[in-house]
Amino acid sequence: MLRGVNRVVLGLTGAVLVCAGGAVLVAGLDLGVPSWWPWRGPDAVLLTDSARRRVAWAAVIAVLAVLVLLSLWWLVAQLRRPRPPEVLVDSRDGDGASLRGRALEGAMEAEAEALDGVSRARVRLAGRRTAPSARVSLLLEPHASPDETLARLRDGTLKHARESAGLPRLPTEAHLRAARQPARRVT
């Protein structure tokens, strides 16, 4: 989705800049312009005194503020670290293989959900394809012990993922949450 947004934002920005530049160039060269043209010559102003009084400055400021916020959101989205589309697997024979990042995430999620006391797991890879890192979110059932679950995650799921992908290390950040349990009525 971000690629589509990038293309639309860059296309619209380019179109606005080309149109504005063309309008300034035509007015600056004092070429014959139509009657509806906003600039009539090199000394023309965009808004006359009467037009400046009529413009709702609050609306102009609000539009500019929205444009600034959208631009900042777009910039932050660009700086965010993307998920690696693939992980390079060292086959130890001089050649390498590639493993889809989503496939590794799916395998890790399935194995983590199979752990005792885990009701739901989510895994997201980040980093480079040669040195990925993982972020694991686990939803624990009420009877689960967090320290035992982390030990099983480390010694099972993460170890299997690291060995199967041929990675020397797989830095992982684990987030544990307890599942909500409805209150029991005592009679």
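Reading along the sequence, the protein chain runs α-α-α-β-β-α-β-β-α-β. That comes to 5 helices and 5 strands, and please keep in mind that this is a predicted model.

The protein chain has 187 residues, and 21% of them are buried. If we take contacts with a separation of 6 or more, 50% come from residues 24 or more positions apart. The chain exposes about 13,700 Å², with carbon and sulfur atoms supplying 60% of that area.

Now let's go to the strands. β1, residues 86-90, pairs with β2, residues 96-100, in the antiparallel sense, over 5 bridges. Within that pairing, valine 89 has alanine 97 in β2 as its bridge partner. Valine 89 also sits on the covered face of β1 together with Val87, while Glu86, Leu88 and Asp90 make up the uncovered face.

Threonine 157 is in helix α5, residues 146-165. Is threonine 157 buried or exposed? It counts as buried, because its relative accessibility is 2%, and the cut-off for buried is under 20%. What does threonine 157 touch, apart from neighbours within four places in sequence? Its contacts there are Met108, Glu111, Ala112, Leu115 and Arg152.

Leucine 72 belongs to helix α3, residues 57-79. With 47% relative accessibility, leucine 72 counts as partly exposed, since that class lies between 20% and 50%.

Thanks, everyone, and I'm happy to take questions.

How values were computed
Residues numbered from 1 in each chain as written. Predicted model: local features only at pLDDT ≥ 70, side-chain atom pairs only at ≥ 80, totals over all residues. Heavy atoms only, no water. Buried < 20%, exposed > 50% of the residue type's maximum accessible area, 1.4 Å probe, protein only. Helix = DSSP H or I, 4+ residues; strand = E, 2+ residues; numbered from the N terminus. Pairing = 2+ DSSP bridges. Contact = heavy atoms within 4.5 Å. Areas by Shrake-Rupley, 256 points an atom, 1.4 Å probe, with all protein chains shown as cover.
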